[in-house]
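Please keep the sequence and the model in view while reading.

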Amino acid sequence: MYTIAALYHFTRFPDPDSLRPALKELCCAHSVKGTLLLAKEGINGTIAGPRPGIDAVLDHIRSLPGCGDLEWKEATSDHPPFGKMKVRLKKEIVTMGQPNVDPRATVGNYVEPQDWNDLIRSDDVVVIDTRNDYEVAIGTFKGAIDPKTSSFRDFPRWWQENKERFHNKRVAMFCTGGIRCEKSTNYLLGQGVEDVYHLKGGILRYLEEMQEKDSTWQGECFVFDNRVSVGHGLVEGPHSLCHGCRRPIRPEDMKRPEFEVGVACHQCVNETSEQDKARFRERQRQIVLARNRGTEHLFSD
């Protein structure tokens with residue numbers, strides 16, 4: 001059984017690149033795989049591995065400057081969620097492209113999962129899903145607004161174009177694990193919105209703690225590992241990933257004529273050129289060969 005830990009923490013790393021070697025070495029030494037992003041504003045990522053290995057990596061991260069109160073969310077999987085370990089340097093640990101946004105200064109009001117339903121049912125509250133369109137497509141909270149953004153960078157522009165719709169409303173926002181809402185609530189506060197709220201721990205914590213019979217969540221939650229989606233109790237969902245466009249697909253989608261494993265699905269078949277598809281087919285052929293040799297992990301995300 002593999003332990004999966006999803007984490008983020010905003011803090012100040014004057015030289016994040018200097019933290020990479022020890023972190024990568026520790027993860028590899030303990031058979032921990034996944035992705036960790038480092039930036040001057042903090043750390044973000046999801047890792048998976050044996051319990052002792054995850055504990056060792058989390059202990060190391062908590063020892064980094066300003067990370068003593070690190071929080072994370074855990075799940076388990078009976079198959080490896082990642083094929084390799086990546087520790088990357090980024091300008092932002094979640095890219096919004098707004099240099100004046102700083103979650104360390106102030107964020108919206110945190111709402112515990114058990115209090116979320118009452119908040120979003122209030123007549124004076126508007127609920128906004130801050131995730132990308134392909135994530136919203138497989139599940140969201142009842143009544144939530146979908147900005148239909150393909151990137152978090154698009155959110156500020158969407159807000160400026162739509163903010164008049166929400167005049168005199170309290171704004172409640174949510175995302176997968178909470179990190180986007182740290183920035184989006186800070187952004188709205190900077191835009192003069194007074195009553196801003198966000199779901200503490202994100203959808204993942206809500207699905208973990210709330211009974212399905214009491215839930216206002218509909219569908220599955222997209223996750224950025226090989227599970228692809230989870231439902232209540234963080235049980236693995238039915239989705240797979242189209243490796244042509246990286247969007248989630250259901251088992252019935254793989255029976256459609258547009259689907260070609262590793263190449264395209266009904267969502268992207270008209271978005272890529274024949275040259276792209278030829279390249280994807282060659283990649284898929286190499287993956288099959290690697291699988292037969294037992295080296296498939298070299299092609300894993």
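The sections below treat the basis of the model, the chain as a whole, and then selected residues.

## Basis of the model

The model is predicted; local features need pLDDT of at least 70, side-chain atom pairs count only at pLDDT 80 or more, and totals for chains, interfaces and linings use all residues. Residues are numbered from 1 along each chain as its sequence is written, and side-chain values use heavy atoms, with hydrogens and water left out.

## Overall fold and dimensions

The chain contains 8 helices and 15 strands; helices (H or I, at least four residues) and strands (E, at least two) are DSSP runs, numbered from the N terminus. With a radius of gyration of 20 Å, close to the 19 Å that the globule rule gives for 301 residues, the chain is as compact as a globular protein of that length. The radius is taken over C-alpha atoms, and the rule is 2.2 Å times the number of residues to the power 0.38. Along the principal axes, the C-alpha atoms fill a box of roughly 60 × 50 × 40 Å.

Of the contacts between residues at least 6 apart in sequence, 66% join residues at least 24 apart; a contact means heavy atoms within 4.5 Å.

## Burial, surface and charge

Of the 301 residues, 51% count as buried. Buried means under 20% relative accessible area, exposed over 50%, and partly exposed in between (1.4 Å probe, protein chains only). The accessible surface of the chain comes to about 14900 Å², and 47% of this area belongs to carbon and sulfur atoms. These areas come from the Shrake-Rupley method with a 1.4 Å probe; for residues, only the protein chains shown count as cover.

The chain carries 42 positive and 44 negative charges, whose mean positions are 5 Å apart. Lys and Arg count as positive and Asp and Glu as negative, while His and the chain ends are not counted. Each charge is placed at NZ of Lys, CZ of Arg, CG of Asp or CD of Glu.

## Cysteines and His198

A search of the whole structure finds 0 disulfides, a disulfide being a pair of cysteine sulfur atoms within 2.5 Å. For Cys175, the nearest cysteine sulfur is that of Cys181, 3.6 Å away; for Cys181, the nearest is in turn that of Cys175. Cys175 is buried at 2% relative accessibility, and Cys181 is buried at 0%.

Cys181 is also among the residues touched by His198, together with Glu182, Thr185, Met173 and Trp116. His198 lies in strand E10 (residues 196–199) and is buried, with a relative accessible area of 1%.

## Glu220 and its surroundings

Glu220 occupies the loop between strand E11 (217–219) and strand E12 (221–222). Among the residues it touches, not counting those up to four places away in sequence, are Ile138, Ser229, Pro238, His239 and Arg250. Pro238 is 18 residues from Glu220 along the chain, and their C-alpha atoms are separated by 8.7 Å.

## Positive phi angles

Most residues other than glycine have a negative phi. Asn168 has a positive phi, near 65°; Asn168 is found in the loop between helix H5 (155–162) and strand E9 (170–174), and is exposed at 66% relative accessibility.

Leu234 likewise has a positive phi, of about 60°. Leu234 lies in the loop between strand E13 (229–230) and strand E14 (240–241), and is buried, with a relative accessible area of 14%.
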